[in-house]
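This briefing goes through one protein model by topic. Please have the sequence and the coordinates open while reading.

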Amino acid sequence: MHKRFSVGVSILTLLCVCAALRSTAFAHIPAPHGVQKEAAGATHASGTFDVKVLPQTATEFETAAGLSRFTIDKEIHGGLEATSKGEMLAASVKDAGAYVALEVVTGTLNGRTGTFILQHSASRTSTSQQLLITVVPDSGTGQLMGLAGKFNIKIEDKKHFYEFEYSLPAEN
């Protein structure tokens with residue numbers, strides 16, 4: 001189990017590094033606190049989050065296939081004030097790896113309360129990496145019904161930041 005945990009944590013660490021490298025495109029965005037309106041109805045929320053990733057017991061199939069399973073618990077602050085709980089399935093093969101995850105987010109986004117689901121898909125090779133985190137279509141509840149968007153992660157000095165570009169229908 002220790003080796004599986006080490007492999008999974010290595011994958012997560014590398015993917016977080018991928019996110020940090022990828023997020024340099026967001027360097028022009030003001031300090032990560034609060035909410036801003038952007039052109040064409042897009043809205044932007046940013047802030048910080050703390051995350052706990054804990055290893056879980058893999059099924060026999062997962063173990064045989066070289067997969068690792070983890071739970072995700074987040075406390076999110078800033079334009080999105082929320083908690084989230086999710087599950088991640090990760091794979092590591094030589095100098096490459098990947099993970100998929102789903103997390104249910106519960107909280108308040110720009111004054112609107114509800115829940116929604118984020119879908120993660122990430123992969124890396126020795127020369128490239130990709131990370132995509134999006135809102136699952138039609139997963140919003142309460143005042144977040146109709147939510148769509150992309151959630152980006154940035155890590156600086158071991159601190160986690162997020163940039164969330166999203167759209168919501170007008171409130172009735």
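The model is predicted. Its mean pLDDT is 82, and 75% of the residues reach 70 or more.

**Confidence**
- Over residues 1-40, pLDDT stays under 50.
- The model still has 74 contacts beyond four places in sequence for residues 1-40.
- Where pLDDT is low, predicted coordinates should not be read in detail.

**Overall fold**
- Two helices and nine strands make up the secondary structure, in the order α-β-β-α-β-β-β-β-β-β-β from the N terminus.
- Of the 172 residues, 39% count as buried.
- Taking contacts between residues at least 6 apart in sequence, 50% join residues at least 24 apart.

**Nonpolar core**
- The largest nonpolar core holds 27 residues; Leu80, Leu109, Phe116, Phe151, Tyr162 and Phe164 have the most contacts inside it.
- Elements giving two or more residues to this core include strand S2 (43-56), strand S4 (80-93), strand S8 (148-156) and strand S9 (159-167).
- Beyond its neighbours within four places in sequence, Tyr162 touches residues including Ala45, Phe49, Ile76, Leu80 and Phe151.

**Lys159**
- Lys159 lies in strand S9.
- Lys159 counts as partly exposed because its relative accessibility is 45%, between the 20% and 50% cut-offs.
- The C-alpha atoms of Lys159 and Phe49 are 8.0 Å apart, although the two residues are 110 apart in sequence.

Notes:
Residues are numbered from 1 along each chain as its sequence is written. This is a predicted model: local features need pLDDT of at least 70, side-chain atom pairs count only at pLDDT 80 or more; totals for chains, interfaces and linings use all residues. Side-chain values use heavy atoms; hydrogens and water are left out. A nonpolar core is a set of buried Ala, Val, Leu, Ile, Met, Phe, Trp, Tyr and Cys residues joined through side-chain atoms within 4.5 Å. Buried means under 20% relative accessible area, exposed over 50%, partly exposed in between (1.4 Å probe, protein chains only). Helices (H or I, at least four residues) and strands (E, at least two) are DSSP runs, numbered from the N terminus. Contact means heavy atoms within 4.5 Å. pLDDT is the predictor's confidence in each residue, from 0 to 100.
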